[in-house]
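Hello,

Here is the structure we talked about handing over. Please open it and keep it beside this note as you read.

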Amino acid sequence: MNPLLQTVPSSAARSQQRILTVALIGPPNSGKTTLFNRLTKLRQKVGNYPGITVEQHTGVMALPDQEVTIVDLPGVYSLNPYSEDERVAVSVLNGNMDGVPGPDAVLLVLDATNLTRQLSLAAPVIALGLPTLALLNMGDLLAKRSGSIDAVKLAGDLGIPVAIVSATMGTGLDAVGRFLQQANSPSPTTLPIVQDVRECRKWAARIASESDYRPPLPPAWTRRLDDIVLHKFWGPLLFIIVVGAVFQTVFGLGQPLSNALQNLLARMGQEAAPLIANGFLRSLLLDGIWKGVGSVLVFLPQILVLFLFIGLLEDSGYLARAALIADRTMSMVGLNGKAFIPLLSAYACAVPAIMASRTIENKRDRLATILIAPFMTCSARLPIYTLLIAAFIPERPVVGFLMGSRALAMLLLYVLGFAAAIGTAKILKSSVLKSTPAPFVLELPEYRWPTFRTVGLRLMDRGRVFVQQAGTVILFVSLLVWGLTNLPLHQGHPPELENSVVAQLGHFIEPAIRPLGFNWKIGVGLLTSVVAREVIVGTLGTLYGRDPQTQSASLQVALQHDLTFSGAMALLVFFAFAMQCASTLAVVRRETNSWMWPAIQFFYMTGLAFLAALFVHGILSAMN
Amino acid sequence: MRVRLSDLQPGDIAVIEDVALSEAERQLLMRFGFFDGAEVRCSRRAPLGDPVVYSLDGSEIALRTETACRIFAWRVDGQTHEQMR
């Protein structure tokens, strides 16, 4: 016998156990997630594996007489613990992952239209000795494109049962239920040395041909579409149209929806106000908790709109093509093409953008994208930008009729944020996040029609992850800031803003921000806008509205009296760079599964903002 | 003729001879089918010229030129896209 071959250990002792936990494993693009959704319906939980960024999806599948927990493992090509995804898959399969019970059985999902290649994962999976069912997914496409496989022969060769299924159509899935109720260990068979990826592939090719595998005809439609989509001229044009549509929709539809939701929630709060007699309790419930809940929920429309697009783009196969087209440009700053859509979305809001970075497989590139996304000029910066520009920059034509001074100032702020993002990406990619050992490899899947079901489930999934895992942090920070603005109590009533704890903090930090040209009121605005950048406008409105000297004036006029030109410019620059957004920090924590990265991000961005504001104030004061 | 994978023109077919990259990079590329003995067809270039899409075992995989130029292969002459299938 070939010395490269080994025999599967027979573990008869496990064979007739009841199946309580089953692991779902398959290569990327095998349709594993669609199958997971089919089997578990909506009974799913999403978390992170301890200490790492890999998401943990578990779900419950109902069988006639029991329930089985399904653990959806990350998509992997082999079980050599080389990448983080592979390490997770191996740990879970061996029962070594904290908080995840070791599986009693394995569902191995393989793309039937690409079996010669995908079958190589079968070797290491079967070698585990657990009861395994191989699901040849996309059986409908295989048949449609005149391919075929002898499933009985394949089952004989692999020593495990094999079923031809279609997760998209939902056909053949009753085999899963039957298998889980009567699962047996694999029959002894010969396998290659499973650590040797090459041997596994050769073995896979042999097994495939022995099982009369006839690969489907090449996807003619995909090739024809790619002739257009990746065409030298039409390709980039289509790309610009698509990303323009994404940007326009997130900005033009998501933003108004968020505003409408915010108004609705505020209205509900106002309606409820007379119902609560006690002033302090009313403030706690409405201004604290209800507003906090609102500050979480306002992100949902934008997240859902963006993920609707990403779902359609990814499931149809266009996202990979878009990444291919953008890669050349993105590589100039050390990132890859997949970072393009998340970074573009960050112009609307960094929160959904950071969640969208999950489509970047390369961990370091993904982290770099997460860390630079908040520099993009998000819509929450616009209220303070518009206020200060209107108050301090006189409107006059600059570039002929084309652009006025105010529009130019706004454009410069956008450029400033973009430059900071690019510069930071360069620094990160040439230092801590240098990614030499992982070359950019991009698989172009076939084009498919996205299904309502998969896209819908993804929206539910992302919405839930955001509300449950980032929402709690956002709510906490909102409540904290509310507490600081409403304490100490004055004869049982919340104090005026200028007597509150946050105002004392504003006075406390005044010496530090004075060199930037800011007074304590601006300081209070900086503190309260930690919840969200636009909050500073409301805070300043309250503070100046109370001040007898500025009471009657509009906020613009009040600011003109209180802030020098150089101070105002410094404040603009400060907002361009500073990490004034608890929601972003909460999402970064959730996506990187650690407080370290949001902390680094906060201090880096705020430090940069401080220095830049100091510089701007210094230069402009000296010029006057 | 011995060529770098990055030298292939769309339609060219080659058999990989050597993946001259670090062990970690070789491990990753192996998962996508780039190892010695594998037959590769250059399928198309991205609109901006880089990366280049290669066809292996029916999958379409894109590599940047910086990676493809470190993979050496023997070009198979006289075979075209139509004859492949």
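One definition before the rest: two residues are in contact if their C-beta atoms, placed from the backbone, lie within 7 Å. Please also keep in mind that this is a predicted model.

First, the contact between the chains. Chain A puts 29 residues into the contact, and chain B puts in 28. Where does chain B's side come from? Both α1 (23-31) and β5 (59-63) of chain B supply at least two residues each to the side that touches chain A. The largest share of that side, seven residues, belongs to α1(B). Sorted by class, the side of chain B that touches chain A holds 14 nonpolar, eight charged and six polar residues.

β5(B) also pairs with a strand of the other chain. Its partner is β12 of chain A, residues 441-444. The two run in the antiparallel sense, over four bridges. To find the place, go to A:Glu443, whose bridge partner in β5(B) is B:Ile61.

Next, a helix in chain A. Look at α26, residues 582-592. How many of its 11 residues are buried? The count is 10, so to speak a mostly covered helix by the definition of buried used here. Among the buried residues are A:Leu585, A:Val587, A:Val588, A:Arg590 and A:Glu591. What covers them? The cover of the buried residues of α26(A) includes α13 (299-316), α16 (350-356), α17 (363-372), α20 (452-486) and α27 (596-623), from chain A. Just past the end of α26(A), A:Asn593 has a positive phi of about 60°.

Best wishes

Terms used:
Residues are numbered from 1 along each chain as its sequence is written. Chains are lettered from A and ligands numbered from 1 in the order in which they are written. This is a predicted model: local features need pLDDT of at least 70, side-chain atom pairs count only at pLDDT 80 or more; totals for chains, interfaces and linings use all residues. A residue is buried if 20 or more other C-beta atoms lie within 10 Å of its own, exposed if 12 or fewer, and partly exposed in between; C-beta atoms are placed from the backbone. Ala, Val, Leu, Ile, Met, Phe, Trp, Tyr, Cys and Pro count as nonpolar, Asp, Glu, Lys and Arg as charged, and the others, Gly among them, as polar. Two strands pair if DSSP finds at least two bridges between them.
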